[in-house]
Amino acid sequence: MRSRFDEQLSILNTEMIEMGALCEEAIALASKALTTGDVSLAENVSAISSDIDHKERDIEARCMKLLLQQQPVARDLRQISAALKMITDMERIGDQAEDIAEIITYLEGRTAEETVHIRDMAAETISMVTDSVDAYVKKDTELAKAVIVHDDKVDEYFDRIKGSLIKMIAENSENGEYALDLLMIAKYFERIGDHATNIAEWVIFSVTGEHKSS
Amino acid sequence: MTSKIFRSIFATSLIVLLATLAIITTFLYDYFTNIQIDQLKDQLSIASVGTEKSGKEYLEDLKSDNFRLTWVANDGTVLFDSQADESTMDNHLDREEIKEAFETGKGSSSRYSATLTEKTLYEAVLLSDGTVLRISVNRASGFVLLLGMAYPVVIVIIIAVVVSAVLAHKMSKRIIEPLNKLDLDNPTENDAYEEIAPLLSRIHKQNMKIERKAAELNRRKEEFELITKNMREGLILLDKNRSILTINSAAMTIFGTDENCVGNEFLTINRRHEITSAIEKALTDGHAEIRASLNEKEYQFDISRIETNGETVGAVILAFDITEQADAERLRREFTANVSHELKTPLQTITGSAELIENGLVKQEDMPRFVGHIREEATRLVMLVEDIIRLSQLDEQTELPKETVSLFDVANEACKVLSDSADKKDITLSVSGDGGNIYGVKHLLFEVIYNLCDNSIKYTPDGGKVKVDISETEKEVKLTVSDNGIGIAPEHLPRIFERFYRVDKSHSKKSGADTMSAQLRQKGGTDAVRHSANGGTGLGLSIVKHSVQYHGGKISIKSEENKGTVITVVLPKNE
């Protein structure tokens with residue numbers, strides 16, 4: 001009975017990693033579409049996003065089944081409850097990647113200008129998501145803490161981008177719509193950073209049993 | 001085992017005790033019954049003599065509690081009874097022992113009382129007057145006897161149980177002890193029961209066998225590890241649940257992990273979708289191949305399913321570093337594209353000029369200029385093709401005739417050829433040093449110095465200086481070409497030896513263009529402008545690099561933007 005339970009937990013673990021990988025892929029693709037202006041890439045993001053949604057439902061069902069049938073305690077219970085929380089954040093990351101991709105299709109081939117730092121912000125966010133999934137895989141609380149600290153950098157980028165976009169509108173008001181679209185994209189990246197932080201916090205919870213609610 | 005032995009001993013002693021008790025009781029009961037019957041007979045014979053002599057009075061005097069005397073007349077009426085009133089008693093003629101005594105003179109019988117708790121023994125004798133005298137005695141039955149003995153028997157049994165329990169416990173322990181103390185690692189050295197000697201020797205043999213097998217397995221494992229450890233390719237074995245069974249050090253480097261990942265799922269070391277889906281594909285289809293870049297390197301992954309008796313047991317992943325190969329492939333692709341492009345541009349100029357002439361659009365006085373263009377471009381084509389041939393010769397590593405060459409002489413020769421173009425830009429071209437004899441291919445060495453100086457002249461502004469210096473050590477000759485030209489930006493330095501690589505995307509535009517090129521520019525002929533200005537093929541430095549490599553030398557470059565460039569070539573003398 002126990003070994004069956006362990007097996008189920010390991011399947012859950014695998015599915016979590018797969019879902020994390022899908023999230024990474026979605027935002028990597030969205031960011032690539034942003035730098036190359038390739039609208040077809042952006043369209044693929046929504047396919048991945050729906051995969052992520054399916055995965056969320058699968059994992060949710062599995063967690064519920066485990067909770068009801070096995071009535072886990074202590075560490076196992078923490079792992080399952082943390083997984084339940086994490087998939088919500090992962091699903092939001094997928095949705096936000098999809099939203100970014102949607103805005104990219106409105107840009108009509110215009111790419112993010114280098115002066116706006118939005119590419120750097122995208123790169124930072126991707127590394128945050130990658131690190132948070134890595135922290136989950138390796139049960140590495142140090143890495144998870146690094147992710148939480150990293151979020152400040154992404155927030156900083158958001159402020160900087162906001163500033164340069166204001167300047168852009170002031171210089172040439174024709175760029176207004178474009179600048180606003182970029183601002184939305186930056187906001188979504190900033191939100192993704194927050195979700196990565198949440199994931200990292202739940203990783204720490206599942207390992208240590210302490211959740212830093214801030 | 002101890003408890004089993006204990007139980008056996010205990011049960012045996014208990015059974016023996018009970019059986020003994022039963023047998024002894026039975027025998028003793030029978031024995032005492034017989035003795036009693038004999039006594040009865042004796043007493044009866046005494047009583048019968050007395051009765052015959054004195055009659056009823058004798059019997060009345062003979063009082064005894066132990067036995068009962070009954071005198072029966074020949075018609076069965078009781079004449080006397082020692083324990084009851086004879087007048088109330090029934091006719092005794094039907095009693096077995098009395099009937100017997102009337103018939104044979106003697107009779108005996110025994111009867112149980114109604115409650116079965118007592119047994120009455122009867123002896124009867126026929127007296128001479130025809131009457132029968134009967135004697136009887138009551139005794140307890142065997143059952144009652146046993147009941148009476150119950151108390152001591154229970155005590156005996158309890159004592160026996162306790163004693164046998166203690167003894168059985170001790171004995172079983174003593175029997176088992178040597179077995180528990182057996183040293184199974186050295187079974188032959190034990191001094192226990194000889195009955196288990198065959199078992200021990202068998203264990204000994206099996207121990208040896210296991211040791212041999214373990215050693216062999218260890219050796220094989222070490223061999224396998226040694227082989228995989230020194231493999232340049234990454235090797236990972238997965239079981240059918242995609243967990244890592246083995247990973248070699250090359251694979252650890254590729255995936256940036258350590259040996260702790262063994263036992264975990266592959267997903268934990270890499271979750272790239274293309275790789276995991278390739279593993280799935282290999283597990284279902286048998287084989288998969290993908291290319292993926294990890295940590296800025298290109299890898300090819302060959303994944304194969306492992307089967308035993310038609311059942312999938314896992315997969316093996318082989319990772320090849322194909323970064324160099326991929327680079328070479330990219331270079332080749334670029335080269336092909338560049339060559340076609342570079343060949344096309346002069347041809348376009350030629351075709352364009354020829355078309356204009358053909359359609360009579362060129363005035364007679366412009367004719368020499370147009371024909372000149374055609375000739376110039378044709379010459380360029382020839383140069384380009386010559387360069388390509390030279391490069392491919394160098395690529396093929398064809399053996400070329402070698403001789404002793406003085407690098408100083410070659411440098412002077414090259415500078416003489418270049419003096420015209422240097423003079424045009426008012427550039428001072430000087431050669432210093434001496435000798436520098438090396439054993440090599442003269443025309444290749446000429447190409448090296450010519451191309452380096454040509455490049456320096458091209459990228460040095462008017463009135464600049466280009467210096468060639470030759471010095472030698474015992475085994476090597478050092479050639480330095482330095483200028484005070486525009487220099488090369490650091491980001492271009494690693495790539496300047498690539499074929500058709502150009503630093504100066506804008507340089508040619510500065511040189512201006514004539515009407516002809518301006519017309520052609522609309523057809524995408526900007527390169528033609530650049531070439532007509534520089535006269536280079538974009539292959540010069542490539543030829544230099546390959547020529548130096550051909551001679552086993554080294555080339556290094558130092559450059560600062562707007563200050564100048566120093567290129568140093570060190571060639572072995574090979575004398």
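Two strands are taken to pair if DSSP finds at least two bridges between them. In this predicted model, strand E14 (residues 465-472) of chain B is joined to E15(B) by seven bridges, and the two run antiparallel. Chain A, by contrast, has six helices and zero strands, while chain B has 15 helices and 17 strands.

**Chain A**

- Along the sequence, chain A reads α-α-α-α-α-α.
- Of the 214 residues in chain A, 41% are buried.
- Among contacts in chain A between residues at least 6 apart in sequence, 80% link residues at least 24 apart.

**Chain B overall**

- Chain B comprises 575 residues, of which 26% are buried.
- For contacts in chain B with a separation of 6 or more, 57% come from residues 24 or more positions apart.
- Helix H5 (residues 197-229) of chain B contains 33 residues and reaches 47 Å from its first C-alpha to its last, close to the 48 Å expected at 1.5 Å a residue.

**Nonpolar cores**

- The largest nonpolar core has 85 residues, and those with the most contacts inside it are A:Cys23, A:Ala26, A:Ala30, A:Met121, A:Ala186 and A:Ala200.
- Helix H6 (residues 176-208) of chain A gives the most to this core, contributing 15 residues.
- Leaving aside residues up to four places away in sequence, A:Cys23 touches A:Ile52, A:Met90, A:Ile93, A:Gly94 and A:Val129.
- Another core, of 33 residues, lies apart from the largest one and includes B:Phe408, B:Leu429, B:Leu479 and B:Leu539.
- In soluble globular proteins, nonpolar side chains tend to be buried together.

**Strand E15 of chain B and its partners**

- A hairpin of three residues connects E14(B) to E15(B).
- On its other listed pairing, E15(B) is joined to strand E17 (residues 564-572) of chain B by eight bridges, again with an antiparallel run.
- B:Val481 has bridge partners in both strands: B:Val468 in E14(B) and B:Ile567 in E17(B).
- The covered face of strand E15 (residues 476-483) of chain B presents B:Val477, B:Leu479, B:Val481 and B:Asp483.
- The uncovered face of E15(B) carries B:Glu476, B:Lys478, B:Thr480 and B:Ser482.

**The five-stranded sheet of chain B**

- Five strands of chain B form an open sheet in the order E7-E6-E10-E9-E8, with antiparallel pairing.
- Strand E7 (244-247) and strand E8 (287-294) of chain B stand at the edges with a single partner strand each, so one side of each is left without a neighbour in the sheet.
- Direction ignored, neighbouring strands of this sheet are turned by 20° against each other on average.
- Within the sheet, strand E9 (residues 297-308) and strand E10 (residues 311-321) of chain B pair in the antiparallel sense over 10 bridges.
- B:Ser304 has B:Val316, in E10(B), as its bridge partner.
- Helix H7 (residues 273-285) of chain B packs on the sheet, where it touches E8, E9 and E10 of chain B.
- The direction of H7(B) makes about 170° with that of E8(B).

**Contact between the chains**

- Five residues from chain B and seven residues from chain A take part in the contact.
- On the side of chain B that touches chain A, one residue is nonpolar, two are polar and two are charged.

How values were computed: Residues numbered from 1 in each chain as written. Chains lettered and ligands numbered in written order. Predicted model: local features only at pLDDT ≥ 70, side-chain atom pairs only at ≥ 80, totals over all residues. Helix = DSSP H or I, 4+ residues; strand = E, 2+ residues; numbered from the N terminus. Buried ≥ 20, exposed ≤ 12 C-beta atoms within 10 Å, placed from the backbone. Contact = placed C-beta atoms within 7 Å. Expected span 1.5 Å × (residues − 1). Core = buried A, V, L, I, M, F, W, Y, C linked by C-beta atoms within 7 Å. Nonpolar A, V, L, I, M, F, W, Y, C, P; charged D, E, K, R; others polar. Axes fitted to C-alpha atoms, helices over the stretch in contact; angles between N-to-C directions.
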